[in-house]
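Subject: Structure handover

Hello,

Please open it first, then read the notes below.

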Amino acid sequence: MSFDKERFKSPYSFLFGSMNLRTKTLLIISLVGLILFAIVVNSLFINVDNITTNFSIKNSQPSLQHPFGTDWMGRDMFIRTMKGLGLSVIIGAMASILSTMIAIFLALSSTLGKYFDHCVSGVTNLFLSIPHILLIILISISLGGGIIGVVVGVSLTHWIPLTRVLRAEIKQINTSTYVKLSKNFGRTKWWIAKNHLLPLLIPQIVLGTILIFPHAIMHEASVTFLGFGLSPHEPAIGIILSESMKYLSNGAWWLAFFPGLSLLIIVLLFDLIGDNLQRLLDPTQANE
Amino acid sequence: MVELKANKIGFRYGGTKKWILKNLSISLKDNQVKGLIGESGGGKSTLCKILAGYEGNFEGELKIDKLNTNDSKFNQVQLIFQHPERTMNPKWKMKQSLDESWEVSDDILEKFGIKKSWLNRWPNELSGGELQRFSIIRALNPKTKFLIADEITTMLDAVTQVQIWKLLLSMAKERKIGILVVSHDKELVNEICDEVVYLDDINHDIKYNL
Ligand SMILES: Nc1ncnc2c1ncn2[C@@H]1O[C@H](COP(=O)(O)OP(=O)(O)OP(=O)(O)O)[C@@H](O)[C@H]1O
Ligand SMILES: [Mg+2]
């Protein structure tokens, strides 16, 4: 194996070259996690009302003092972006957790019997047949928009992949020879659920939640950008982006560029955590 | 004396039309070591699964005579599978898999040639033969009354095979466990069994249908 490792270095090998995969993965996860945590905590201390408007520096290009430039009211775009990112992560977290709960509930229901299983796959197919963004907009509007509208809209559209994974996993474990053997040893359903099912499902659930995150954030921003999500008073990235559209033609490219790029980076960071976590949970690579 | 009786068993796999077993009767006493021989694909493993309660949808009846039934859900007919790999949770260490059945003494582990260090390994870190020793011991729960041994030693070398069977037979005698020995290996079956039956003979309805 050492020979293979030498030849197929990961792109990050210059950073963590000598560490084993497990430590490396854990390090990446905690580092990225820390960054995201810092963004959220930082944004909680930013009071939007206190972002000073200063018309003497309105529409100024990115500079050392204002790395992301300023807007048409002379507000610092870096601070506005940071606040928006924090909000995005918080909304993403709420939506992911809610989605996961829906997925767990549906996956468990589908094991109750054939009838329930049919119901679950029926609901799954129904939701699959409507485009995500449309459904989110409809749900968000019908709930009157705002944070609740967006969170519910995003949650109700993002449980499908995890539900499928959990349902398949439960089915596979329940029909496995070792579970049948367990029953023959006199073990009860509860005992089997606790000892055979749960330990195998928990990693999937954690991973599933994190993989929903980037989608949730992107969809929240898009819906808000289109005007069906958070209200214009919220300091959300989607709002910043849609406002900046008016000024793009004046050449104020930084108004959209930096907030958009930051959002993209956040999404990529979550993807990075997800990928690494997946690698960590994959038993075939656990010992490397 | 307790007896396991299967009367007029008929069976076909769900969704298929072909009968694998038809009108088959077989019995096993708790002081008996009975051999079952049959050609590949004849339905030996299928019969084993029925006897041990792994296949519910069969014709005929399966009963245990004169057993003072205790309430425990533990099945007194234990099957040792041909392939031990699938009988262990891949995310459990061997110790946990053993404990799922009963608390095995060090003495027994040693007799079956299981090294202490194996207990801390994952199933995929043991050879088929090593795993099979674990699944044999798991089936030897003190509550077990009948053992269905479906080609359990095919992956062991001749010397180990003899050693394991000697042990298994002596434990069975001591605890009054009846064993059904399923194998292709006529020599082995003739060597260790009190009585040998041929699947074709007891499953004759199928034979003549062909
Ligand atoms: N799950 C299944 N679904 C459908 N058919 C099956 C299934 N399992 C086995 N069969 C078929 O049932 C027949 C009997 O299989 P079985 O495994 O009982 O044979 P066997 O006598 O144990 O053979 P061997 O000596 O090779 O182990 C075979 O024709 C096989 O193809
Ligand atoms: Mg077989």
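What is the mean pLDDT of chain B, and what share of its residues reach 70 or more? The mean is 87, and 95% of the residues of chain B reach that mark. Keep in mind that this is a predicted model. Its scores are ipTM 0.87 and pTM 0.77.

Ligand 1

Ligand 1 is surrounded by 13 residues. The closest are B:Ser40, B:Gly41, B:Lys44, B:Ser45 and B:Thr46. Sorted by class, the shell holds eight polar, three charged and two nonpolar residues.

- B:Thr46: a side-chain N or O atom sits 2.5 Å from an oxygen atom of ligand 1.
- B:Lys44: a polar side-chain atom is 2.7 Å from an oxygen atom of ligand 1.
- B:Tyr13: a side-chain N or O atom lies 3.4 Å from a nitrogen atom of ligand 1.

On its own, ligand 1 exposes 640 Å². The protein buries 62% of that area.

A:Asp117

Now to chain A. A:Asp117 is part of helix 5, which covers residues 114–129. Is A:Asp117 buried or exposed? A:Asp117 counts as buried, because its relative accessibility is 14% and the cut-off for buried is under 20%. Leaving out residues up to four places away in sequence, A:Asp117 touches A:Ser110, A:Arg167 and A:Lys171. A:Ala107 is 10 residues from A:Asp117 in sequence. Their C-alpha atoms are 8.6 Å apart.

Best wishes

Note on methods:
Residues are numbered from 1 along each chain as its sequence is written. Chains are lettered from A and ligands numbered from 1 in the order in which they are written. This is a predicted model: local features need pLDDT of at least 70, side-chain atom pairs count only at pLDDT 80 or more; totals for chains, interfaces and linings use all residues. Side-chain values use heavy atoms; hydrogens and water are left out. Helices (H or I, at least four residues) and strands (E, at least two) are DSSP runs, numbered from the N terminus. Buried means under 20% relative accessible area, exposed over 50%, partly exposed in between (1.4 Å probe, protein chains only). Contact means heavy atoms within 4.5 Å. pLDDT is the predictor's confidence in each residue, from 0 to 100. A residue is near a molecule or strand if one of its heavy atoms lies within 4 Å of it. A polar contact is a pair of N or O atoms within 3.5 Å; within protein, one must be able to donate a hydrogen and the other to accept it, and residues adjacent in sequence count only if both atoms are side-chain atoms. Accessible areas come from the Shrake-Rupley method with a 1.4 Å probe; for residues, only the protein chains shown count as cover. Ala, Val, Leu, Ile, Met, Phe, Trp, Tyr, Cys and Pro count as nonpolar, Asp, Glu, Lys and Arg as charged, and the others, Gly among them, as polar.
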